[in-house]
Amino acid sequence: MVYGWLTRELLIRQSTANQKPNTRTPTPMAIILTEAEAKALLTKVLSYSKADSCEVNLSGAERGNIRYARNEVSTSGALANQLLGVQSAFGKKVGTATITEFDDASLEKVVRRSEELAQLAPENSEYMGVLAPQQYLKASGFFDSIASLTPDKRADAVAKSLKLTRDANLIGAGFMDDRNGYEAMMNSKGLFAYYPSTNVNFSLTVRTDDGKGSGYVARGYNDFTKLDTAAATRIALLKAQGSAQARAIEPGKYTVILEPTAAAVLLENIFFNMDARSADEGRSYFSKTGGSPGWATKLWMSALQFIPTRPMLSYPHRPGRGMDDRRKKRCGLRKVWLRTWPIRASGRRSREKKPFPLPTM
Amino acid sequence: MGAAGIMMPALPAFSRSVSAEALLEPGLDVAVKKRLADAALNAAKSMGATYADVRIGRYLNQFVLTRENKVQGIINAESFGVGVRVIADGCWGFASVGDARNEAVVAQAAKTAVTIAKANARLLTEPVQLAPQKGFGDVSWKAPIKRNAFEVPIKEKVDLLLSANAAAMQNGANFVNNVLFQINEQKYFASTDGTYADQDIHRIGPNFTVTAVDPQSGKFSTRNSLSSPMGMGYDYLQVNPADKVTGVTTRYNKGYDMLEDITAAAKQAKEKLTAKSVEAGKYDLVLDPSHLWLTIHESVGHPLELDRVLGYEANYAGTSFATLDKWKSKDFNYGSKQVNLIADKTQLYSLGAVGWDDEGVKTKKWDLVRDGTLVNYQAIRDQVHIIGENESQGCCYADNWSSVQFQRMANVSLEAGKTPLSVANMIKDVKKGIYIIGDGSFSIDQQRYNFQFGGQLFYEIKDGQIVGMLKDVAYQANTREFWNSCVAVCDQSDYRLGGAFNDGKGQPAQSSAVSHGSATARFNGVNVINTARKI
């Protein structure tokens, strides 16, 4: 792997001068594979499998970031990576191995390694097998505006934000991180999925010089042309200026209105504790005897209605698991919140016969 | 592993799974690493960099995860690559290369870093000011391990964890999650200052959560292990009576008895189900080191990081109430006269100990709070000029070859009391108090000022005697009033380390491991709330 914005394509070379010489054949390999390239590679990997079932996941991404604070750029970097993971199963004995090298010998080796691990593993009673081919909703989360980003373009976007904070005599600290990548999967039941995507996230905290006023803004898009760092910065500026004279309040009961960003962060924290296994085992707030499903249902249903970025960040299928997108149907039903818990636990629930994907919040 | 389970340390970026045997293979020879490093440094200089450093890192991890009578997973992972940081046109730039074993690829990363630095230089109004640092030549450092954890057969580790789980189930637990983390960072640093530092860092972290459930009431309680992650090898799991601190429950120093602790944990988790719920109010708190480390971490370690003070973490980890004006005043009472807080990157067996930091500074020990007064911060080479220093304190760190290094917390600890004082004698003088053991959930604001801390075990103290277990306890305070309420610290014989495997900071987020030591300490008149109260 080579980590650098300059290198969209690379050759994995091994030096003969190394003390640990690598005898593998140098393999030309792009970080971002096309659908056809990914399919060919995954087909090759699956051809090595001798397990009862096998699932192969492949991903590649190029990332760039720029960070600033005290109205100055601080650190920045760029990287790219790719990874191939193989999960082999013999009955309910499952083994997973990953690799970052893609020559034929390495590909076969990672399959053998996952099979060895599966044979050594104890039976996993919760293993649900690999999925059959799925029908996916159509969506596109890939935009060339991000795939073609350079350090200069990142610097331009941050410069617009810095100018506003400097002109207002306020202090900005922000971060912009972009990703261009894809995920693909194939399994022994014939399921193949490929999804290229791009995204950029920008967040900024603006403070007054005395630290009494502070404003935060966060934005995320698939398309860089949608990111207006100046407009976002103006919101943070207004919050910082408006909160400088805020008065302290006494603890008590208040009606609280959360902006979308605040609500989403709150929901993220709740979501990751909605673990079906813990609830089944009686050691969760959401356990039937000790919990309050009515509260959770209400919150869940409400949460679905104020996610402005959801259409743009839609994630039509999850190649990592290859499930189709039934979120809308399931989350649209009342009192189904228990069924929208993480996939990892759903298989052990007697009333849940089929896996379903992670919900988007 | 459920919500009541244990947070697993993140694997280093871009890890690949390997066999357990591969974890014992030697990495690149030092001569090869030096050749790669020189290739990067020369490439950076040829592109106009005025400073460059290179980190060649091999990061090895083994996680053994179990619950009840099952092995949930055994993860062996390796991550290898090179990170190059430069200053060009007065601005930082960084790029990294995975699986890089030849000079050309490493040099290309250096050139990329310079290109990024030059692109961003127009966003600076002042160039980076890097404190001078002499070169140390070829040097090395190795963690003081007696038994490399990776050399211990996996079966031995699995047998230990499953035996412990069985002991928990036999003693009343309904569930148990039990994990063992082992980490080895093989890190080679080189810079244009002339330092070539080869370092071998080891950490180990056994950790369990035992859960007891009362199906009738729908209540459940947990008790986490009283172990600590340590900068040690498998020797931490060798039982040694001298490393045990007995009392209301046994605690551990440089040797951890998992079977003993988990047996007690199962009994205590059940006992907690029916323990008395605390009555909110003011109490004198007696805080065991297994608990106090976390309060030190959050209310001292973080606010005295200079990058937070200056606002570099304002958009993510937070800022600090301990602003420069307070330090400049030279009389800011961070705590009482009994409070002496030190930063130390050299402390034996600690998680943060190394010989040289990630920008080539020889590590050291320094005061943060002396006799209660704020006297210093934690700072690195591009910050120290702001506090009038010309030498870094050596606390720069990156969690992976692919991450850019920046200021991270040193081991920050409370010095033990100078006069002899045992825990028993400390408790003897408490009229109305609570003795807290083990760390629990907590909350603290982004300036690290207003906070709330729970724990694992709570014992009510009345008229100098422990009278029984409490539950639903958390204390609330602000940092300054809390440390000013410290009236006594036990002596060195009670001093122990606690620590965090995954301290998060930075964008992109990085984690670091850090220890915090103390002896048992007493804090008077602290506000205690009942966490089960209905609002």
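1. In chain B, four strands make an open sheet, ordered E15-E14-E13-E18, with antiparallel pairing. Strands here are DSSP runs of E with at least two residues, helices are runs of H or I with at least four, and both are numbered from the N terminus. Two strands count as paired if DSSP finds at least two bridges between them. Strands E15 (373–374) and E18 (411–414) of chain B are the edges; each has a single partner strand, so one side of each lacks a neighbour in the sheet.

2. A note on the basis. This is a predicted model: local features need pLDDT of at least 70, side-chain atom pairs count only at pLDDT 80 or more, and totals for chains, interfaces and linings use all residues. Residues are numbered from 1 along each chain as its sequence is written, while chains are lettered from A and ligands numbered from 1 in the order in which they are written.

3. Strand E14 (residues 365–370) of chain B pairs with E15(B) over two bridges, in the antiparallel sense. B:Arg370 is opposite B:Thr373 of E15(B).

4. Which helix lies across E13, E14 and E18 of chain B? Helix H5 (residues 289–301) of chain B does, and it runs at about 115° to E18(B). Angles run from 0 to 180 degrees between N-to-C directions, and axes are lines fitted to C-alpha atoms, for helices over the stretch in contact.

5. Next, a helix pair. The axes of H3 (residues 154–170) and H4 (residues 258–273) of chain B come within 8 Å and cross at roughly 25°. H3(B) and H4(B) are therefore roughly parallel to each other (angles under 35 degrees count as such). H3(B) passes H4(B) in a right-handed crossing, meaning the near helix is turned clockwise from the far one by less than a right angle.

6. The contact residues of H3(B) include B:Leu160, B:Ser163 and B:Ala164. Those of H4(B) include B:Met258, B:Ile262 and B:Thr263. Contact requires C-beta atoms, placed from the backbone, within 7 Å. The residues of this contact divide into nine nonpolar, two polar and no charged. Ala, Val, Leu, Ile, Met, Phe, Trp, Tyr, Cys and Pro count as nonpolar, Asp, Glu, Lys and Arg as charged, and the others, Gly among them, as polar.

7. Chain B is divided into domain 1 (16–273) and domain 2 (276–530); the bounds come from an automatic or database domain assignment. Their C-alpha centres lie 22 Å apart. The contact takes 49 residues from domain 1 of chain B and 46 residues from domain 2 of chain B. On the domain 1 side, E7(B) gives the most, with six residues.

Terms used: Contact = placed C-beta atoms within 7 Å. Parallel < 35°, antiparallel > 145°, perpendicular 65-115°, else oblique.
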